[in-house]
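Me: I am new to this structure. Please walk me through how to read it, one feature at a time.

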Amino acid sequence: MAAHAGELIRALSLTRRYGDRTVLDGLDLELAPGEFVALLGRSGSGKSTLLRALAGLDTDVEGEGEVQVPAEVSVVFQDARLLPWQRVLPNVVLGLAGADRRGRDSLAEVGLAGRERAWPSELSGGEQQRVALARSLVRRPRLLLADEPFGALDALTRLKMHTLLRRLYEQHRPAVLLVTHDVDEAIALAGRVLVLDHGRIAAERRPAAGADPARVRAELLAALGVTTDV
Ligand SMILES: Nc1ncnc2c1ncn2[C@@H]1O[C@H](COP(=O)(O)OP(=O)(O)OP(=O)(O)O)[C@@H](O)[C@H]1O
Ligand SMILES: [Mg+2]
């Protein structure tokens with residue numbers, strides 16, 4: 001069911017099994033409109049499975065009622081997934097008729113004005129990922145699902161992408177669910193950080209709410225099974 005403007009994004013009692021393995025186990029999740037949420041979890045904990053379910057890419061997920069997400073959903077993956085035989089601008093406006101102008105604007109927003117006619121192979125990894133961001137923005141999503149979008153980038157490019165994503169978020173205000181392995185990335189970007197474990201949301205922190213960042217970091221790492229001295 002498509003959510004209306006201002007409606008919560010909601011999944012109730014989501015369960016996903018692969019054979020006799022239960023990856024999502026009655027998971028509940030809610031995002032307010034325009035909320036930026038980061039999702040942490042160990043490798044194999046089901047983060048991508050959850051994103052696929054929310055994106056409507058997984059038809060075998062079970063839940064109480066339907067997953068309630070807006071019709072305007074964009075997904076960004078770890079790799080940019082650009083079509084190598086299409087230039088940058090057609091990649092951005094793929095499947096959208098008459099959207100070249102908006103596509104150019106989106107490319108300018110991610111700092112790639114003038115590269116419309118480049119081939120994906122002529123771009124760096126960070127530039128390709130910015131094209132992927134432009135491609136999701138041009139669709140004016142109410143929900144942006146991002147699955148480790150900066151995971152393949154070097155540390156410096158990653159920090160620049162943080163600033164860019166945060167700026168784009170401030171301007172467009174979609175709800176964001178950002179999957180990341182990186183606790184610091186989650187704390188830097190999100191208003192609320194969730195930890196997925198054993199098929200459910202096992203911990204939740206709000207880094208901005210006056211809490212000591214070092215403590216929030218330690219608590220999140222503890223929820224991920226990593227102990228630190230703080
Ligand atoms: N198509 C599939 N068939 C069988 N098992 C699957 C399938 N897709 C995912 N799984 C299993 O579900 C579990 C969760 O996978 P998922 O990709 O959601 O993990 P993740 O949290 O995204 O991990 P990572 O951080 O490594 O990306 C894994 O154990 C994986 O092997
Ligand atoms: Mg994954």
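**The ligand first**

Reply: Ligand 1 is surrounded by Y18, V23, G41, S43, G44, S45, G46, K47, S48 and T49. Bear in mind that the model is predicted.

Me: Which helix gives the largest share of the shell around ligand 1?

Reply: Helix α1, residues 47–54, gives the largest share, with three residues.

Me: How many residues of each class are in that shell?

Reply: The shell around ligand 1 has seven polar residues, two nonpolar and one charged.

Me: How many of the residues of α1 are buried?

Reply: Six of the eight are buried, so α1 is largely enclosed by the rest of the structure. They are K47, T49, L50, L51, A53 and L54. K47 and T49 also belong to the surroundings of ligand 1. After α1 comes G56, with a positive phi near 75°.

**The whole chain**

Me: Let me step back. How many helices and strands are in the protein chain?

Reply: The protein chain has seven helices and ten strands.

Me: Why does its radius of gyration agree with a compact globule?

Reply: Compare two values. A compact globule of 230 residues would have a radius of gyration near 17 Å, and the protein chain has 18 Å, so the two agree. Along its principal axes, the C-alpha trace spans about 45 × 40 × 35 Å. Of the 230 residues, 38% count as buried.

Me: What share of the contacts comes from residues 24 or more positions apart?

Reply: Take the contacts with a separation of 6 or more. Residues 24 or more positions apart account for 69% of them.

**Two domains**

Me: Where are the bounds of the domains?

Reply: Domain 1 covers 2–72 + 141–223, and domain 2 covers 81–140. Their centres, taken over C-alpha atoms, are 24 Å apart.

Me: How many residues are in contact between domain 1 and domain 2?

Reply: Eleven residues of domain 1 are in contact with ten of domain 2. On the domain 1 side, α5 gives the most, with five residues. By class, that side of domain 1 has eight nonpolar, two polar and one charged residues.

**Reading a helix**

Me: What is the general idea for a helix?

Reply: An α-helix has 3.6 residues a turn, so residues three or four places apart point the same way.

Me: How far does α4 reach from its first C-alpha to its last?

Reply: α4 covers residues 125–137, which is 13 residues. It reaches 18 Å, close to the 18 Å expected at 1.5 Å a residue.

Me: Is α4 mostly covered or uncovered?

Reply: α4 is mostly covered, with ten of its 13 residues buried. Among them are Q128, V131, L133 and L137.

Me: What do the buried residues of α4 pack against?

Reply: They pack against β6 (73–76), α2 (88–92), α3 (100–109), β7 (143–147) and α5 (155–172).

**Single residues**

Me: Where is V110 found?

Reply: V110 is in the loop between α3 and α4. It counts as buried because it has 23 C-beta neighbours inside 10 Å. Leaving out residues up to four places away in sequence, V110 touches R130, L133, A134 and L164. The C-alpha atoms of V110 and A132 are separated by 9.7 Å, although these residues are 22 apart along the chain.

Me: What is A152 in contact with?

Reply: Set aside its neighbours within four places in sequence. A152 is then in contact with Q78, D79 and G125. A152 is in the loop between β7 and α5. With 16 other C-beta atoms within 10 Å, A152 is partly exposed. A152 and Q129 are 23 residues apart along the chain, and their C-alpha atoms are 9.6 Å apart.

Me: Where are S13 and R140 placed?

Reply: S13 is in strand β2, residues 9–18. R140 is in the loop between α4 and β7.

Me: Is R140 buried or exposed?

Reply: R140 is exposed, with 12 other C-beta atoms within 10 Å. S13 is partly exposed, with 13 such atoms within 10 Å.

How values were computed
Residues numbered from 1 in each chain as written. Chains lettered and ligands numbered in written order. Predicted model: local features only at pLDDT ≥ 70, side-chain atom pairs only at ≥ 80, totals over all residues. Helix = DSSP H or I, 4+ residues; strand = E, 2+ residues; numbered from the N terminus. Expected span 1.5 Å × (residues − 1). Buried ≥ 20, exposed ≤ 12 C-beta atoms within 10 Å, placed from the backbone. Contact = placed C-beta atoms within 7 Å. Near = placed C-beta within 6 Å. Nonpolar A, V, L, I, M, F, W, Y, C, P; charged D, E, K, R; others polar. Domains from an automatic or database assignment. Rg over C-alpha atoms; globule rule 2.2 N^0.38 Å.
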